[in-house]
Amino acid sequence: MALRLICLNAWGGRVHEPLMQYLEAADPDVLCLQEVTHVAGSGGDWLTFREGDFKLPQRASLLEDVTAVLSDHHAFFAPAARGPLYDGDREVASEWGLATFVRQGLPVIGQVQGFIHGDFPVSGFGEHPRPRNAHGIRIFRGNTGSAVTIVQMHGLRDLAGKGDTPARLAQAHALAGLIEKVRQPGDALVVCGDFNLLPDSETFAILGRLGLTDLVTTRGFTDTRTSWYPKEGRYADYLLVTPQVRIRKFEVVAEPEVSDHRALLLEIA
């Protein structure tokens with residue numbers, strides 16, 4: 001039986017209803033989400049993220065919404081920051097980070113989470129480039145008698161662009177170190193997420209030392225963004241695997257558009 005994995009930047013649930021419909025229909029065994037919002041005790045309200053003149057609707061209960069749709073999955077939430085969203089002029093404390101959902105019946109036999117840039121900010125979402133984290137799980141597959149390690153990350157956003165910087169190179173080494181904490185010798189390894197990087201970044205050479213190869217660029221895909229994202233520079237999301245991963249299918253999902261990022265879909269034999 002194939003293992004189906006989806007990786008997606010959820011954009012705070014901005015495209016909420018299509019996102020929920022897609023996840024319910026796709027029914028992944030493992031779902032790796034970035035930009036997940038969570039407000040404790042929220043009843044499903046919409047709040048607003050503000051930064052200067054920029055405003056973005058955010059689904060206060062996104063973590064709970066996805067948990068309800070994937071009701072037969074275990075949910076793991078890894079907050080990267082806690083900062084304010086707004087209901088009009090009222091400030092609401094919100095957590096923001098990564099969420100990983102794993103179908104019940106797939107035992108999680110190892111787990112690690114940690115910061116790969118900065119640390120949990122003391123006040124608000126932090127200064128740019130803001131702290132970023134990664135989350136890794138090791139899953140036992142009963143039908144194959146083997147384990148697969150899956151690590152997701154959300155790369156730091158630099159206001160100057162997506163080129164290599166000392167902070168991004170340090171982030172790559174930190175990510176490699178985190179991977180080594182959860183992966184065991186012989187494991188198939190998948191690393192995915194919104195890297196916020198160009199395809200020629202040195203990060204891929206650093207991860208290549210672990211035997212990882214990106215599927216987005218090596219399989220001819222040139223766009224991981226949707227029409228919700230009007231800017232140039234269409235690469236953001238990547239999915240890397242080691243040779244032990246037996247790929248049955250890989251797709252950069254063009255439709256439906258459920259975020260300003262496209263979903264990455266991988267099926268492992």
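What percentage of the 269 residues in the protein do buried residues make up? Buried residues come to 56% of the 269; buried means under 20% relative accessible area, exposed over 50%, and partly exposed in between, with a 1.4 Å probe and protein chains only.

1. Basis. This is a predicted model, in which local features need pLDDT of at least 70, side-chain atom pairs count only at pLDDT 80 or more, and totals for chains, interfaces and linings use all residues. Residues are numbered from 1 along each chain as its sequence is written, and side-chain values use heavy atoms, with hydrogens and water left out.

2. Overall fold. The protein has 5 helices and 14 strands. These are DSSP runs numbered from the N terminus: helices are H or I with at least four residues, strands are E with at least two. The radius of gyration is 17 Å, close to the 18 Å from the globule rule for 269 residues, so the protein is as compact as a globular protein of that length. That radius is taken over C-alpha atoms, and the rule is 2.2 Å times the number of residues to the power 0.38. The C-alpha atoms fill a box of roughly 55 × 40 × 35 Å along the principal axes.

3. Contacts along the chain. Take the contacts with a separation of 6 or more: 71% join residues 24 or more positions apart. Contact means heavy atoms within 4.5 Å.

4. Cores. The largest nonpolar core holds 46 residues. Such a core is a set of buried Ala, Val, Leu, Ile, Met, Phe, Trp, Tyr and Cys residues joined through side-chain atoms within 4.5 Å. Ile150, Leu175, Ile179, Val190, Phe195 and Leu239 touch the most other members. Beyond its neighbours within four places in sequence, Phe195 contacts Met153, Gly155, Phe204, Leu207, Ala236, Tyr238 and Leu240. A second, separate core has 21 residues, among them Ala10, Leu23, Leu62 and Leu70. In soluble globular proteins, nonpolar side chains tend to be buried together.

5. Two loop residues. Is Val122 buried or exposed? Val122 is exposed, at 88% relative accessible area. Val122 sits in the loop between β7 (108-117) and β8 (132-141). Its C-alpha is 29 Å from that of Ser259, which is 137 residues away in sequence. Ser201 also lies in a loop, between β10 (188-194) and α4 (203-208). Ser201 counts as buried, at 5% relative accessibility. From Ser201 to Thr165, 36 residues apart along the chain, the C-alpha separation is 9.5 Å.
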